[in-house]
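Here are my notes for when you have the model open.

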Amino acid sequence: MNRSSSRVPVLLGFLFCLALLAGCAAKQTHKPLGVTFVPTDGEFIARDGSRLSLGQVMALAADADYVLIGEGHKNPCDHTVQQQLTWALAQGPRPPAIGLEMVAADRQGVLDAFNQGRLGVDDLPGRLDWDERWGYPFELFEPLFHLAKDKHLPVAALNAPPEIVRKVAREGLDSLTDEEQGMIPAYIIRQPAEQEAFLKEVMLGHEGKDAKDPEQVDRFFLVQSLWDTQMAARAVWMRREYRRPVLIIAGAGHVDFGWGIAQRLNVLDRGAAVVSLTPWRGVENFEPGAADAFFYCPNIYTSRMGMTLVEGQGGVTVSEVKRGSRADLAGLRPGDVLEAFQGKRMRSLMDLHKAGQRAHKDDAPLVLTVRRDGETVRIDLGRLGQTGTR
């Protein structure tokens with residue numbers, strides 16, 4: 001037998017192995033392609049998952065009567081993107097009026113004085129009772145007010161007075177006086193059926209709420225519908241009053257999937273063009289139907305223990321530790337990736353929140369397991385209420 005003929009079985013065997021490998025590869029399944037690139041903070045994403053430029057976003061919004069921007073109220077990245085979009089819209093041929101969920105309609109007089117130049121930005125927190133009524137840091141919203149002042153963009157209040165919302169939550173619409181009834185829409189447009197499962201999930205995150213109690217569920221749905229109807233009605237008023245397109249800034253829950261404010265706008269201002277943008281956090285599945293365009297901003301949480309956590313595509317990461325803080329003294333370090341909390345696997349900041357609630361209820365120490373330089377490290381933060389000093 002010559003050399004060439006002796007190689008035939010080996011070659012056939014090799015080809016057979018390749019065929020087996022190809023067959024195995026063909027059987028592998030991959031999750032559907034969502035976002036087609038790895039975004040950085042503040043980058044825009046199209047509905048097909050591709051990258052969008054700011055110019056393309058502006059082209060999308062060019063003919064809109066209402067532009068809705070969803071936000072996480074404490075997320076600095078969200079606020080930076082808002083300001084970028086507001087500035088770009090102000091530079092265009094149709095500068096908008098700005099409608100804010102953060103301010104209730106009974107404080108419109110304060111915003112009127114601001115719009116007329118009789119109040120400055122520094123006057124607003126006190127005059128709007130910002131800390132008591134809204135509660136999230138004014139510093140996050142302050143640049144938006146400066147931008148509105150510099151670009152002569154009217155600002156208006158969208159929300160219902162919080163006292164009325166609380167009363168409806170406790171006792172229902174029939175409990176309102178005639179005066180209180182006059183401060184909200186005469187007809188509340190109820191939630192679409194496809195939103196109900198989402199609202200029940202939100203309800204579960206509220207302590208003391210029972211998603212199995214039909215009366216509590218209906219009251220919770222009613223309050224959400226009141227908010228969304230109120231904000232849509234005020235936005236319609238703004239469009240007529242200022243004769244401009246309206247830029248609506250509200251929590252992402254009021255924007256996503258067109259279930260909230262947009263659905264009511266379609267009823268109250270039929271035929272108006274509505275465009276929505278909402279944040280994508282990178283941890284949940286990318287859902288193209290949630291908005292007309294997206295911006296990437298990971299969730300960020302700063303704890304009183306002195307650690308800042310970022311929830312992104314790689315899980316929950318420690319981005320910053322304050323020197324001398326409880327987190328520092330416990331041994332937590334920037335770059336640590338949270339793997340478990342109270343023995344439970346960590347996938348999101350919500351997991352951290354739930355585990356913290358359990359630890360507080362059980363009066364147990366807060367114990368994290370983190371991944372650092374390929375190793376697993378245990379971090380004991382102690383019990384809530386302790387100073388954390390050693």
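1. Ground rules. Helices (H or I, at least four residues) and strands (E, at least two) are DSSP runs, numbered from the N terminus. Keep in mind that this is a predicted model, where local features need pLDDT of at least 70 and side-chain atom pairs count only at pLDDT 80 or more, while totals for chains, interfaces and linings use all residues. Residues are numbered from 1 along each chain as its sequence is written, and side-chain values use heavy atoms, with hydrogens and water left out.

2. Overall picture. The protein has 14 helices and 15 strands. Of its 390 residues, 47% are buried (under 20% relative accessible area; exposed is over 50%, partly exposed in between, with a 1.4 Å probe and protein chains only). Taking contacts (heavy atoms within 4.5 Å) between residues at least 6 apart in sequence, 63% join residues at least 24 apart.

3. Helix α4. Look at residues 108-115: in this helix Q108, V110, L111, A113 and F114 are buried. The cover over those buried residues includes β4, α5 (124-127), α7 (138-151), β5 (155-159) and α11. After α4 comes G117, with a positive phi near 85°.

4. W227 on α11. Helix α11 spans residues 214-242 and contains W227. Is W227 buried or partly exposed? Partly exposed, because its relative accessible area is 24%. Beyond its neighbours within four places in sequence, W227 touches N159, V165 and H254.

5. Ring pairs. Rings of Phe, Tyr and Trp (its six-membered ring) pair if their centres lie within 6.5 Å; planes under 30 degrees apart are stacked, over 60 edge-to-face and the rest tilted. The structure holds twelve aromatic pairs. One of them, F257 with W259, is stacked, at 4.6 Å centre to centre and 20° between the planes. F257 counts as partly exposed because its relative accessibility is 30%, whereas W259 counts as buried because its value is 15%. Elsewhere, ring pairs tie F114, W130, F138, F141 and F145 into a cluster.

6. Charges over rings. The rule here is NZ of Lys or CZ of Arg within 6 Å of the ring centre and within 35 degrees of the ring normal. R51 has its charged end over the ring of F37, 4.1 Å from the centre. R234 does likewise over the face of W237, at 4.5 Å from the ring centre.

7. The cavity. On a 1 Å grid over the protein atoms alone, a cavity is a set of points where a 1.4 Å probe fits but cannot get out; a pocket is an open set with protein on both sides within 12 Å along at least five of seven lines, and lining residues have an atom within 4 Å of a point. The count is one cavity of 30 Å³ or more, and the largest cavity holds about 40 Å³. Its lining is M102, V103, A104, R107, L128, W130, R133 and W134. Strand β4 (97-104) gives the largest share, three residues, and α6 (130-133) supplies at least two.

Methods. Grid points are joined across faces, edges and corners, and a volume is the space filled by probe spheres set on the points.
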